[in-house]
Amino acid sequence: MSEETRQTRPAPAASAAGAAHPSQRWRLPAMGLLAAALAFGAWGLWRSFSAEDAPPPAPVAAQSPRQMQVELEQLRQRVATLGRSDAISRQANRDLQSALAERDEEISGLRADVAFYERLVGATGQRRGLTVHALKMQPQDGAPSAWHFTATLTQNLNRGAVSAGRLSLAVEGTRNGKLEKLAWSDLRQQADAPGTGYSFKYFEQVEGDVFVPAGLTPVRVTVRLTPQSGAAVEQSFSWADATRDAAAPAPAETARPGT
């Protein structure tokens, strides 16, 4: 090639201005990461020295004896209050149970009364003449020989008719191994004592007092009804039945329906 031709051929173009060498392409990011790591390390070192230099947290102040005594008294009062509340609750529960038992007993008595009235005046009740439906004997407080009796008399044979007359008792028992019978005058401690009067249409409770002498062990008590007209009626009850607390309750009313 001629020298002219070599002189006129353009020279290879130089690298564009500002173009980086290939080895410089990764140097800049690496330097940035290194700077960030150094900064983070410096920050951590500063925090460590700051924590060491910081004063320790102040300890919680302990309670004074006065404060402890006040708190103790408050706890004691709370325990006492809870104890009283528990005692009140227990007493209220006992009162409730007692009231429920009384109601159950009252309901049982009312049911017995209803059954009694149904048998006495009901349309299907059995017709019976003058009868001693029940007898109850109760000892008197402070007087061992005194007894209070309650006799329930009924009749529904003649409805509307008034039954009137007198009632008396007789007691059989043993004393010193011998059988003994006490008449009405002996029980009343009065010679020729009149019987207790009664007058009713359907039923009546006749009450009175008698005296059983000491040393006598009663076995049987007999009720004698002497009506104004007609034959006398006698009905006997064992002493155990007459004095049993669980005996069938008589009607609560003591008024005379026939009057």
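I went for the largest nonpolar core first, and it has 27 residues. By nonpolar core I mean a set of buried Ala, Val, Leu, Ile, Met, Phe, Trp, Tyr and Cys residues joined through side-chain atoms within 4.5 Å. M137, L153, L167 and L169 have the most contacts inside it. Among the elements that give two or more residues to this core are β1, β2, β3 (163–175) and α4 (184–188). Its largest share, 4 residues, comes from β2.

Before going on, I noted that this is a predicted model: local features need pLDDT of at least 70, side-chain atom pairs count only at pLDDT 80 or more, and totals for chains, interfaces and linings use all residues. Residues are numbered from 1 along each chain as its sequence is written, and side-chain values use heavy atoms, leaving out hydrogens and water.

Next, β2 itself. Strands are DSSP runs of E, at least two residues, and helices are runs of H or I, at least four, numbered from the N terminus.

Which strands pair with β2? I found β1 (residues 131–140), antiparallel over 9 bridges, and β6 (residues 203–211), also antiparallel over 9 bridges. Pairing takes at least two DSSP bridges. A134 stands opposite T152, while H148 faces D209 in β6. The β1–β2 hairpin has 2 residues between the strands, and G142 there takes a positive phi near 80 degrees.

Last, I checked L167: beyond four places in sequence, its contacts (heavy atoms within 4.5 Å) include F149, A151, L153 and W184.

Key:
Buried < 20%, exposed > 50% of the residue type's maximum accessible area, 1.4 Å probe, protein only.
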